2 protein chains.
Amino acid sequence: MLDLFFSKAKLMQAVNTVMKAVPTRTSLPILECLLLEAKNGSVTVMANDMEMAIRSETGGTIISEGTIAVDAKLFSDIIRNLPEDEVHIKTDSNLQMEITSADSYFTMSGKSGDDFIGMPTLDKGMPVTLSQLTLKEIIDQTIFSISASENNKMMTGELMEIKGNMLRVAALDGHRIAIRYSVMNQEEDIEPVSVIVPGKTLNDLSRILSGDAGKLVNIYIGKNHILFSFDGTTVVSRLIEGEYFRIDQMISENYETKLVFNRKRLLNCIERSTILVRESDKKPLIFDIKNGGATLSLTSIMGSMKEEIEAEKEGIDLMIGFNPRFLIDALRAISDEKITLYLTNSRAPGFIRDEQGTYIYLILPVNFVSR
Amino acid sequence: MLDLFFSKAKLMQAVNTVMKAVPTRTSLPILECLLLEAKNGSVTVMANDMEMAIRSETGGTIISEGTIAVDAKLFSDIIRNLPEDEVHIKTDSNLQMEITSADSYFTMSGKSGDDFIGMPTLDKGMPVTLSQLTLKEIIDQTIFSISASENNKMMTGELMEIKGNMLRVAALDGHRIAIRYSVMNQEEDIEPVSVIVPGKTLNDLSRILSGDAGKLVNIYIGKNHILFSFDGTTVVSRLIEGEYFRIDQMISENYETKLVFNRKRLLNCIERSTILVRESDKKPLIFDIKNGGATLSLTSIMGSMKEEIEAEKEGIDLMIGFNPRFLIDALRAISDEKITLYLTNSRAPGFIRDEQGTYIYLILPVNFVSR
């Protein structure tokens, strides 16, 4: 039977972290639980939605070790609302949990910890080490390009590829590709590895990571699983099986026209154009490119817009149409003051990429009727 | 044909105000529009959902007067996203609207202003005058007690009653009553008047009012309509017909037990208890009142809670059960550090009221099985 004292703040931080692995809807009630475990002098909470499992240390003082599974949402709600920072948790042989803080006393029923599905295990080889900030950024700067549809499982994940001391992360959905490169401070060489990580895992991971440039995350890659370890927290996720798309073949170095835009100015203009586009229809935003800049225009059933925008241009004049939302996603993921757009013709993909080779955003054009 | 120059900021403020009278769903397309009107040297926007109409001055420079009805949401989205503060709006004989700001140019289609349903008129007698802050507060402090159900139309509105220089506002839903009193700085006596104002009108009005104690609102009460006038904005609403409930007969001065609680302490404790209550079930929060304070407890299918809370008590010991959400609503609407709860027995209503007579919150008790 458990008998533990916690700091509410530290317990809540751990609970909030593992809640990401509690599914909102499930037919298996045990998945709605988190496991509270005091063993070998350390206290942890854990949740597992069968795709991803998260375990996090809570700190605390152990009077008596043990384990219990409790409804994650109810437990989290109770702890969050307790009046004082000192929290006392006890369980009895009937799996009843008592929670006490100052004058406030709660009881709730638990399930046996033996019913809980534990963390998947993987052979821990040499880890890849990154700052939490870098990992969070490369996820956030690419994740929007995964596909929301389950039709092609591989498109719902991201490629994570390590070669030498270079990490490459890529996502694509059939209309666009987002690629980010990051140099790792690896002391020893690591064997090249390439895996596909579920998008949901990376989205959740990004929300848990502190975004602190001074804090590290260790990544262990196994045959079927990937493990992220940081700040007393362990995230283990299944990998998506298969070989990823050959993205190198999709990317070309050739272009006919090169345009340098002020990123914010271009982004604001494109955002304005989407006022005239409802979710369901796919009206292209047309770039009419001439010396000195571009005229952006969009016409829908709701109305029309037209705006001149300056750009440094090299190469031929051309007209090309894009889905404005894809451009917005890419431009928001870049922090540079200026961006460079490379075009070939109205039917070839456009690229936004930087000189340093840290990002490439490829977007397929949309057919349009020129007026 | 209209030809106008606006400050985007001022135009947006007026548009945001009248948007409250644009219904989200309607079978009458003209109701989704707002009317832009330049007449007699002043420019206004107006919307009307047939229950409530709002007109607001926009400022601006008139080159040519006229009127047009345009889709409210689209117009609002375009104006909000324009790049510069100076906005130029023109219409042509085909009811096409052109909107220009810096290098950005939009067009959208409008409807004839003649199709628009104008503001209801009412005989303006002597107004009642209040500060915007006072009106906003008395609405917010009572509106939660109206009924969400349309079964009894009168319960969906609030009583506004003026006698001498006293304004009384009341709301009830069959389980509780909320009453607020406010002294007005009326110079001359006004004829006593008592009307029922739709809850939706008051909710919207509260969001438009600035909450500035130094700014006034004039209220004109007609036979079928009420008009609120402030800051260049006019809100006209239908009244709910009928005679309101006789609330004076529901309120008693007698009690057996009087309890003085620290409001925040009591509120936090009651909020904690609702963790164990799902929306659908109605578990009572039981007060077991003895000398020195009360023990609050609640048991549901999810678990149980118990908490001791101090109170200055006069009168007999008793047990009584309440819907915790009704207590929370009342306690949040009060800003006093201490509140006084008056009880008679476990089947009689409880009252929270202050000595100065500015508020009364009556709550019916709930049956409970004492353990």
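1. Two residues are taken to be in contact if their C-beta atoms, placed from the backbone, lie within 7 Å. With that cut-off, in this predicted model, 23 residues of chain A are in contact with 23 residues of chain B. On the side of chain A that touches chain B, helix 2 (72-81), strand 9 (104-112), helix 6 (263-273) and strand 21 (303-310) each supply at least two residues, and by class that side divides into nine nonpolar, seven polar and seven charged residues.

2. As to symmetry, chain A is superposed on chain B by a rotation of 180° with 0.0 Å of shift along its axis, the RMSD being 0.0 Å. The two copies are thus related as by a two-fold rotation axis; within chain A, the C-alpha of T24(A) is the nearest to that axis, at 15 Å. The copies meet through the same surface, because 100% of the interface residues of chain A are also interface residues in chain B.

3. Strand pairing also links the chains: strand 9 of chain A and strand 21 (residues 303-310) of chain B run antiparallel and are joined by five bridges, and F106(A) has M305(B) as its bridge partner in strand 21 of chain B.

4. Within chain A, the division is into domain 1 (3-115), domain 2 (128-248) and domain 3 (252-363). The C-alpha centres of domain 1 and domain 2 of chain A lie 29 Å apart, and nine residues of domain 1 are in contact with 13 residues of domain 2 in this chain. On the domain 1 side of that contact in chain A, strand 4 (residues 52-57) gives the largest share, six residues, and the classes there are three nonpolar, two polar and four charged.

Methods. Residues numbered from 1 in each chain as written. Chains lettered and ligands numbered in written order. Predicted model: local features only at pLDDT ≥ 70, side-chain atom pairs only at ≥ 80, totals over all residues. Least-squares fit on C-alpha atoms with pLDDT ≥ 70 in both. Helix = DSSP H or I, 4+ residues; strand = E, 2+ residues; numbered from the N terminus. Nonpolar A, V, L, I, M, F, W, Y, C, P; charged D, E, K, R; others polar. Pairing = 2+ DSSP bridges. Domains from an automatic or database assignment.
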